[in-house]
Amino acid sequence: GGGLNRLQGDRFVPFHQQRELRSRSISAVYEDTEGTVWIGTGGNGLYRLQGDKLSNVGGLGSQKVRALYQDSKGVMWIGTEEAGLARWEQGKLTHYTKQEGLSNNDVRAIHEDKHGNLWIGTGGGGLNRFADGKFEVFQTPNGLPSDYFRALWEDRDGVLWIGTGGGLSRLKDGQFDRYTI
């Protein structure tokens, strides 16, 4: 990969602290509500950029970060390729893996819906809804085109759009619909 770049005016310039990242493979970037930029790498873990201070976030259990998301309560959710889902709240990490009910430890997409449910798309384990401390799993037998996830998004009508390795799907009124592109 080419590392992390930012748009400055009409051109992209390399991130000035590139060397400190120890990775040119950037897999996720997210700016939280406080202006901290979270940088997930494909092999050297997670970093936080606060102003000009870059720091590594340890304790994830995996060096491959695939998804970053901040929920409506300000909690950061971190999806890893091998160690499941991590919750970062006030500097404390809590881990969720297959042992806690997550369908697969390869987390690829995270999104909170308007009801406060956290949706987690995985690489091979389908879709998980995390609510009230419990995971509910949806997979191809439930109507999804694939159990390999790429993207999640909720539109203004509350419909959850799901990008998978097998095509596009939507969840509306509790029903999955598939779309061929």
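Is T36 buried or exposed? T36 is buried, at 5% relative accessible area; buried means under 20%, exposed over 50%, and partly exposed in between, with a 1.4 Å probe and protein chains only. The model is predicted: local features need pLDDT of at least 70, side-chain atom pairs count only at pLDDT 80 or more, and totals for chains, interfaces and linings use all residues. Residues are numbered from 1 along each chain as its sequence is written, and side-chain values use heavy atoms, with hydrogens and water left out.

**Figure 1. The whole chain, with one helix and 18 strands.**
Helices (H or I, at least four residues) and strands (E, at least two) are DSSP runs, numbered from the N terminus. The radius of gyration is 17 Å, close to the 16 Å of the globule rule for 181 residues, so the chain is as compact as a globular protein of that length. That radius is taken over C-alpha atoms, and the rule is 2.2 Å times the number of residues to the power 0.38. Along the principal axes, the C-alpha atoms fill a box of roughly 45 × 40 × 25 Å. Of the 181 residues, 47% are buried. Among contacts with a separation of 6 or more, 31% join residues 24 or more positions apart; contact means heavy atoms within 4.5 Å.

**Figure 2. Surface and charge of the chain.**
The accessible surface comes to about 9,900 Å². Carbon and sulfur atoms own 43% of that surface. Areas come from the Shrake-Rupley method with a 1.4 Å probe; for residues, only the protein chains shown count as cover. The chain has 22 positive and 22 negative charges, and their mean positions are 5 Å apart. Lys and Arg count as positive, Asp and Glu as negative; His and the chain ends are not counted. Each charge is placed at NZ of Lys, CZ of Arg, CG of Asp or CD of Glu.

**Figure 3. T36, in the loop between β3 (26–31) and β4 (37–41).**
Leaving out residues up to four places away in sequence, T36 touches Y30, E31, R48, L49 and Q50. Y179 sits 143 residues from T36 along the chain, and their C-alpha atoms are separated by 36 Å.

**Figure 4. Q70, a residue of strand β7 (residues 65–70).**
Q70 is buried, at 9% relative accessibility. A polar atom of its side chain lies 3.2 Å from the backbone oxygen of G74. Beyond four places in sequence, Q70 touches Y30, D32, T33, V75 and M76.

**Figure 5. D106, in the loop between β10 (92–96) and β11 (107–112).**
D106 counts as buried, with 12% relative accessibility. Its side chain makes a polar contact of 2.6 Å with the side chain of R108. A polar contact is a pair of N or O atoms within 3.5 Å; within protein, one must be able to donate a hydrogen and the other to accept it, and residues adjacent in sequence count only if both atoms are side-chain atoms. Not counting residues up to four places away, D106 touches T80, E81, G121, T122 and G123.

Most residues other than glycine have a negative phi. Q90 lies in the loop between β9 (85–89) and β10. Q90 is exposed, at 82% relative accessible area. The loop between β17 (167–172) and β18 (175–179) holds D173. D173 counts as exposed, at 77% relative accessibility.
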